[in-house]
Amino acid sequence: MRLVTYKDLLREASYLFKVSQRDIDSKYKFDFILPARFAIWHALRTTGSTYAQIGRWFGRDHSTIINGVRRANEIMEYDHDYRAKVLTLTRLKEGTEQ
């Protein structure tokens, strides 16, 4: 079994959200990038990474990650397509996605 890294999630989110990996990993705050970024952060947090770890990987403060995960939860409440994408990333990180 191969360890799934945040870079693997970045690649999958790029595919799912049709946004470049470079854009997701950048400092840009464009509306079309943020949902993908928040989805990755949510998947990482759900599978046991700390806010501080995620912040280090993405060059962000832990409070930024907290707000992004909170925002992902809000979007998931009303957008079922977004929820499915987040769950796909979470399963990938858990190692259950083929």
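**Helix packing around helix 3**

Gly48 follows helix 3 and has a positive phi, near 110 degrees. The model is predicted; local features need pLDDT of at least 70, side-chain atom pairs count only at pLDDT 80 or more, and totals for chains, interfaces and linings use all residues. Residues are numbered from 1 along each chain as its sequence is written, and side-chain values use heavy atoms, with hydrogens and water left out. Helices are DSSP runs (H or I, at least four residues), numbered from the N terminus.

Helix 3 covers residues 34–46. At 1.5 Å a residue, its 13 residues should span 18 Å, and its end C-alpha atoms are 18 Å apart, which agrees. The expected span is 1.5 Å times one less than the number of residues. Of the 13 residues, 10 are buried, so helix 3 is largely enclosed by the rest of the structure. Buried means under 20% relative accessible area (1.4 Å probe, protein chains only). Among the buried residues are Phe38, Ile40, Trp41 and Leu44, together with Arg37 and His42. Their cover includes helix 1 (6–17), helix 2 (21–25), helix 4 (51–58), helix 5 and helix 6.

The axes of helix 3 and helix 4 come within 10 Å and cross at roughly 140 degrees. Axes are lines fitted to C-alpha atoms over the stretch in contact, and angles run from 0 to 180 degrees between N-to-C directions. The two helices are therefore oblique to each other. Angles of 65 to 115 degrees count as roughly perpendicular, under 35 as roughly parallel, over 145 as roughly antiparallel, and the rest as oblique. Ile40, Trp41, Leu44 and Arg45 of helix 3 make the contact with Tyr51, Ile54, Trp57 and Phe58 of helix 4. Contact means heavy atoms within 4.5 Å. By class, seven of these residues are nonpolar, none is polar and one is charged. Asp, Glu, Lys and Arg count as charged; Ala, Val, Leu, Ile, Met, Phe, Trp, Tyr, Cys and Pro as nonpolar; the others, Gly among them, as polar.

The axes of helix 4 and helix 5 come within 8 Å and cross at roughly 105 degrees. That makes helix 4 roughly perpendicular to helix 5. Tyr51, Ala52, Ile54 and Gly55 of helix 4 meet His62, Ile65, Ile66 and Val69 of helix 5. This contact has six nonpolar, two polar and no charged residues.

Helix 5 (residues 62–78) also packs with helix 6 (residues 80–94); their axes come within 6 Å and cross at roughly 125 degrees. This pair is therefore oblique. Ala72, Ile75, Met76 and Tyr78 in helix 5 meet His80, Tyr82, Arg83 and Val86 in helix 6.

Methods:
Buried < 20%, exposed > 50% of the residue type's maximum accessible area, 1.4 Å probe, protein only.
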